[in-house]
Amino acid sequence: MLKAAKLYCTKVRIAILKVLIKANKPLSQGQIAQRSGKKHFDKVTIYRTLESLLKVGLVHKAFIEKRAWHFELADNCTESQCHPHFTCTNCGSTHCLTEISLPMAKSPHKGFVIHRQQVRFEGLCPACA
Ligand SMILES: [Zn+2]
Ligand SMILES: [Zn+2]
Ligand SMILES: [Zn+2]
């Protein structure tokens, strides 16, 4: 995965990708740090690594929750569209809706260029409904 994106396979990159693969859901930077063996990597290293993974498109920012961006692997997204996310208004949990694909919106106004479509739903999750 890293080789395809022309990134060096550093320990921290591999560790972060492994954490995201294992989690199979978006994680905040803090959660990633916790799960990647915090004694080896400091905050700055993890932040920079996430930035580099974002830049090459291996990782996407999924949504903001509790003022923190949550990161996930980009393998369930297409070039122009991320899979939608569903946030429960009762318990606050967010779910990836990887099986739903929505038609791309047309550019809203003259002069705006859409690069990526990200949709978020709100409602009740199965546990709360
Ligand atoms: Zn995405
Ligand atoms: Zn819920
Ligand atoms: Zn997701």
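Me: Helices are DSSP runs of H or I with at least four residues, strands are DSSP runs of E with at least two, and both are numbered from the N terminus. In which helix is L53 found?

Reply: L53 belongs to helix α3, which covers residues 43–55. The model is predicted: local features need pLDDT of at least 70, side-chain atom pairs count only at pLDDT 80 or more, and totals for chains, interfaces and linings use all residues. Residues are numbered from 1 along each chain as its sequence is written, while chains are lettered from A and ligands numbered from 1 in the order in which they are written.

Me: Which elements does the protein chain have, from the N terminus on?

Reply: Their order is α-β-α-α-β-β-β-β-β, that is, 3 helices and 6 strands. The C-alpha atoms fill a box of roughly 40 × 40 × 25 Å along the principal axes.

Me: Why is L53 called buried?

Reply: A residue is buried if 20 or more other C-beta atoms lie within 10 Å of its own, exposed if 12 or fewer, and partly exposed in between, with C-beta atoms placed from the backbone. L53 has 23 such atoms within 10 Å, and is therefore buried. Buried residues make up 16% of the 129 residues in the protein chain.

Me: Is I21 buried or exposed, and what makes it so?

Reply: I21, in helix α1, has 11 other C-beta atoms within 10 Å and is therefore exposed. Between the C-alpha atoms of L53 and I21 the distance is 14 Å, and 32 residues separate them in sequence.

Me: What is L53 in contact with, leaving aside its neighbours within four places in sequence?

Reply: Contact requires that the C-beta atoms of two residues, placed from the backbone, lie within 7 Å. On that basis the partners of L53 are R13, I16, L58 and V59. With neighbours up to four places away again not counted, I16 touches I32, S36, I46, T49, L50 and L53.

Me: What makes the largest nonpolar core a core, and which residues does it have?

Reply: A nonpolar core is a set of buried Ala, Val, Leu, Ile, Met, Phe, Trp, Tyr and Cys residues joined through C-beta atoms within 7 Å. The largest one has 11 residues, including I16, L50, L53, L58, V59 and F71. At least two residues come from each of α1 (11–23), α3 and β2 (59–65), and α3 gives the most, with 3 residues. In soluble globular proteins, nonpolar side chains tend to be buried together.

Me: How do you know that α1 is roughly perpendicular to α3?

Reply: Axes are lines fitted to C-alpha atoms, for helices over the stretch in contact, and angles run from 0 to 180 degrees between N-to-C directions. Angles under 35 degrees count as roughly parallel, over 145 as roughly antiparallel, 65 to 115 as roughly perpendicular and the rest as oblique. The two helices pack at an angle of about 75 degrees, with axes 10 Å apart. That value makes α1 roughly perpendicular to α3. Where they meet, V12, R13 and I16 in α1 face T45, I46, T49, L50 and L53 in α3.

Me: Into which domains is the protein chain divided?

Reply: The chain has domain 1 (11–75) and domain 2 (77–129), with bounds that come from an automatic or database domain assignment. Their centres, taken over C-alpha atoms, are 20 Å apart. In the contact between them, 7 residues of domain 1 meet 6 residues of domain 2.
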